[in-house]
Amino acid sequence: MKILVINAGSSSLKYQLYNMENESVLAKGRVERIGFESSILSHEPAGKPEVTEVSEILDHTTAIKKVVQMLVHQEHGIIKSVDEIEAVGHRVVHGGESFSTSVIVTQEVKQEIKKLFDLAPLHNPAHMMGIQAVEITMPNIPQAVVFDTAFHQTMPASSYLYPIPKALYKKYKIRRYGFHGTSHDYVSQRAAEFLGKNLEDLKIVTCHIGNGVSCTAIKDGKSFDTSMGMTPLEGLMMGTRSGDLDPAVVPYIMGKVDLRISEVNSMLNKHSGLMAISGHSSDMREIEEDMNEGDANAKLAFDMYEYRLRKYIGSYAAAMDGMNVLVFTAGVGENSVTLRKRICEQLTFFGIEIDDNMNETRSSEERRISSNNSKVEVLVIPTNEELVIARDTYKLIK
């Protein structure tokens, strides 16, 4: 079975085509600048040269048509007919309390996703455009949706409720939902398999560290707590997001600088985090380079970023009454030798001890970076959210 995985954004669309017989990626790519005359389609077919095409793509339906045309292209394609695609799986950021598992797309499911637009105004409407574009372009192909929030629906009320009037939760569903669920789910399962242990017997802290950052406590094989909240803004310091701060900061800033709610929202989501403290970059690679060259602002940005992450790891170990496994994943987590070393060197009271040689090894493979004497297994597990979507879609269609 061949499954097309789609992650639709407001002006972009990423895709991967899987052969589920061996879970291999037949092709992948992305469409950027949807809605503009100079849209860019980048296509990477397995075993063939990468192709880039610039054209006018004004909506998601046209983007999907372009992707399908590339997949069946005589020279650049990887399949002979669109009929070879038996299902399409979509990433949807917010499933609210409505979805605790992945589901087949139906009219009722689409209506429920639309009801959640207010909780994810930047993401869910874009995902819906992707679903509708597939319906128009490939009307007879079944679709499934996989939610970022679903994995965290196992959190107890003590983890997901905010200490505010409960009527706000009951009426408006204001609570913590968590995100990056497909990633935390995948790497925790892979960690257990790597160690040859039952997932239910482990207490795992997973750190998804990319431009967006989240940390999850996984107990008895389930999400017990996670750092992101009602939106992805809560929690850790990120590339351009502030993470946790005193709620009183918002009205105080609005009063002092005369900003509108939309402007404060933009500041906290797009102009804070590493970007704000370093003064020039949200990229951890650049931060580390500048820090090593003596840039004081870059060093401060790194120190704040690492400190907040380390605090969450420690608090989650306390919440679970212990920690057996610490996992680093995503772009920064998988590649920043310095960040992993700094965090682990200051968690020695947990019995963590890393092997510097293993930590410094540049590899895209799953690996242990803790020493033989470490009381906590420290692993680097590359995430694969697209594969999770493909697998869930395959199970639902089968």
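**View A. Contacts of Val205.** Val205 touches Cys215, Thr216, Ile313, Tyr316, Met320, Met323, Val325, Leu326 and Val327, leaving aside residues up to four places away in sequence. Contact means heavy atoms within 4.5 Å. The model is predicted: local features need pLDDT of at least 70, side-chain atom pairs count only at pLDDT 80 or more, and totals for chains, interfaces and linings use all residues. Residues are numbered from 1 along each chain as its sequence is written, and side-chain values use heavy atoms, without hydrogens and water.

**View B. The largest nonpolar core.** This core has 40 residues. Val205, Cys207, Ile209, Tyr305, Ile313, Leu326 and Ile352 touch the most other members. Contributors of at least two residues each include strand S9 (203-209), strand S10 (213-219) and helix H11 (296-319). H11 gives the most, with 9 residues. Another core, of 26 residues, lies apart; Leu4, Tyr15, Leu41 and Ala133 are among them. A nonpolar core is a set of buried Ala, Val, Leu, Ile, Met, Phe, Trp, Tyr and Cys residues joined through side-chain atoms within 4.5 Å; buried means under 20% relative accessible area (1.4 Å probe, protein chains only). Helices (H or I, at least four residues) and strands (E, at least two) are DSSP runs, numbered from the N terminus.

**View C. Packing of helices H7 and H8.** H7 (residues 249-257) and H8 (residues 261-270) pack at about 120°, axes 11 Å apart. H7 is therefore oblique to H8. Val250, Ile253 and Met254 of H7 meet Ile261, Val264, Met267 and Leu268 of H8. By class, this contact has 7 nonpolar, no polar and no charged residues.

Technical notes: Buried < 20%, exposed > 50% of the residue type's maximum accessible area, 1.4 Å probe, protein only. Axes fitted to C-alpha atoms, helices over the stretch in contact; angles between N-to-C directions. Parallel < 35°, antiparallel > 145°, perpendicular 65-115°, else oblique. Nonpolar A, V, L, I, M, F, W, Y, C, P; charged D, E, K, R; others polar.
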